[in-house]
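User: I would like to learn how to read strands, helices and domains in a protein model. Could you take me through one, feature by feature?

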Amino acid sequence: MFNFSERMRGVHLDHRKRSRMNQTVFMPSPATVEISLSQHIGAPCEPLVAVGDSVFVGQKIADSSAFISAPIHSSVSGRVSGITERLGANGRMTRAIVIESDGLDTPDPSIAPPKVNDQASFLEAVRNSGLVGLGGAGFPTHVKLAAKNINTLYINLAECEPYITTDNREVFEFATDIIDGIRTVLKYTGIPKAVIVIERNKPIAAQILSELCADIETVSIKVIGSRYPKGAEKVLVYEAGGPLIGRGKLPADLGVIILNVSTVSYIAKYLRTGMPLVRRRLTVDGDKIKNPGNFSVAVGTSAGALLDFAGIDSSQINMLLAGGVMMGSCLIDLDTPILKNTNALICLERYASRNKTPCIKCGRCIRVCPIKLMPAAIEKAYDRGDVQELKALDVDLCINCGCCSYSCPAKRDLSHKNQLAKELLKNAK
Ligand code: SF4
Ligand code: SF4
């Protein structure tokens, strides 16, 4: 059993939340979108349209019968011009539906607010919306909400990665939707209470939500310190006074579920409009960016089209990340499309050299690990291919936070090795 009992592990990072006060800019739909069929944790979807079909905005174009999945909708109106293979922003090679926009953004005429009057119709509506965790995880939301015997809903407003401010903007622009979404979830799932967990570096957001929650007995605010990775689910729940989510346990096993703040806010929007998840907000920032910002972007827009719209010269970028600098994926192609769970594009001119040297046994990687793992030992066990040792070292509990690599003076790729070790262990099983 691991625990977080010592004073907080993790690392202090420079927050660089430069875009937090910048109003979200609406990016018009591009001429072409490529909509990936794998935009969530779980089974990829199968296309429901063929080349040559006309589609509307919000029309369902792909779905799966698997329990852990979410349908996918067109983000533009136009014509399907192809179904291609594409390396996604999540690093997975998947099929994608290519749609040429007609420039009209005509909504699907069948779109209407869903009729919701009990838990079953609520969960069906959330599934039909195509909603997945918008904080980056991409877990289908209706599956999370179907859990039984939950006593606390935690709302994640940690946003602990540097640069990213999209959740912070959600509070500034749609605070009432956040509260409406929380109350709706509590009403239809029977969860008795919700706790909004906010990192201390967002005092204005905390104040706005505190005022809105002042008269709501079932919703409270918990402010936690701002040290990375407080937004990781296990860390967040524990820091907010919830249970320790130990080996082999899911949050729901211990009576809690966690939703990102933009995810719960979207539930209110969907129930009001019936428009499925076809756009999302993402932060564009980085060391080379003079004017960072947040942009509302059609799902399937290419990273390159967004950078052009944001006025960023991509030839100046040496590294482009989808997601944060600690947990994001490095993009190798500007044509990579934005997914439902892509919360940022981070453009870096400079990045740390990873010329690794031998381990000096300083123990920093162990001291910073929020799960109390032993990354240096995991690396050695992986290099030996020692599956039994990897199991004994609990590598499957690694949350990919990257703190070990960040802290290592020998610049060893510990976090990356952990991912490879997890795969090795999974395949051995
Ligand atoms: S990446 Fe894994 S091993 Fe490294 S600090 Fe994070 S949880 Fe610990
Ligand atoms: S932080 Fe790096 S050098 Fe220090 S013990 Fe861990 S792997 Fe070795």
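Analyst: Let us begin with a pair of strands: β13 (residues 279–285) is joined by 6 bridges to β14 (residues 293–298), and the two run antiparallel. Strands of a sheet pair through backbone hydrogen bonds, either parallel or antiparallel. Two strands count as paired if DSSP finds at least two bridges between them, and the elements themselves are DSSP runs numbered from the N terminus, with helices being H or I of at least four residues and strands E of at least two. Within this pair, T283 stands opposite N294 in β14.

User: Before we go on, what kind of model is this, and how are residues and chains labelled?

Analyst: This is a predicted model, in which local features need pLDDT of at least 70 and side-chain atom pairs count only at pLDDT 80 or more, whereas totals for chains, interfaces and linings use all residues. Residues are numbered from 1 along each chain as its sequence is written, while chains are lettered from A and ligands numbered from 1 in the order in which they are written.

User: How does one describe the whole sheet, and what is its strand order?

Analyst: One lists the strands as they lie side by side, and here the open sheet of 6 strands has the order β1-β14-β13-β17-β15-β16, with mixed pairing. Its edge strands, β1 (25–26) and β16 (329–330), each pair on one side only. Further along the order, β15 and β17 pair in the antiparallel sense over 4 bridges, with L321 having I346 in β17 as its bridge partner. β15 (residues 319–322) is joined to β16 by 2 bridges, again antiparallel, and A322 is partnered there by S329.

User: Are β13 and β17 mostly buried or exposed?

Analyst: A residue is called buried if 20 or more other C-beta atoms, placed from the backbone, lie within 10 Å of its own, exposed if 12 or fewer do, and partly exposed in between. In β13, 6 of the 7 residues are buried, so this strand is largely enclosed by the rest of the structure, and β17 is mostly covered too, with 4 of its 5 residues buried. For contrast, A392, found in helix α10 (residues 387–392), counts as exposed because it has 11 C-beta neighbours inside 10 Å.

User: Now a helix, please: which residues of α1 are buried?

Analyst: In α1 (residues 119–128), the buried residues are F122, A125 and V126. Seen down the axis, they fall within an arc of 100°, so they line one face of the helix; the arc is that of the directions from the helix axis to the C-beta atoms. What covers these residues includes α2 (141–145), α3 (166–189) and α6 (261–273), where contact requires C-beta atoms, placed from the backbone, to lie within 7 Å. After α1 comes G130, whose phi is positive, near 80°.

User: How many residues of α6 are buried, and what span should the helix have?

Analyst: In α6, 10 of the 13 residues are buried, so this helix is largely enclosed by the rest of the structure; among them are V261, Y266 and L271. The expected span of a helix is 1.5 Å times one less than its number of residues, so α6 should span 18 Å, and its end C-alpha atoms are 19 Å apart, which agrees. Its cover includes α1, α2, β9 (152–157), α3 and β12 (256–260).

User: Finally, into which domains is the chain divided?

Analyst: The chain is divided into domain 1 (119–273) and domain 2 (364–428), with bounds that come from an automatic or database domain assignment. Their centres, taken over C-alpha atoms, are separated by 29 Å, and the contact takes 6 residues from each of domain 1 and domain 2.

Key:
Two residues are in contact if their C-beta atoms, placed from the backbone, lie within 7 Å.
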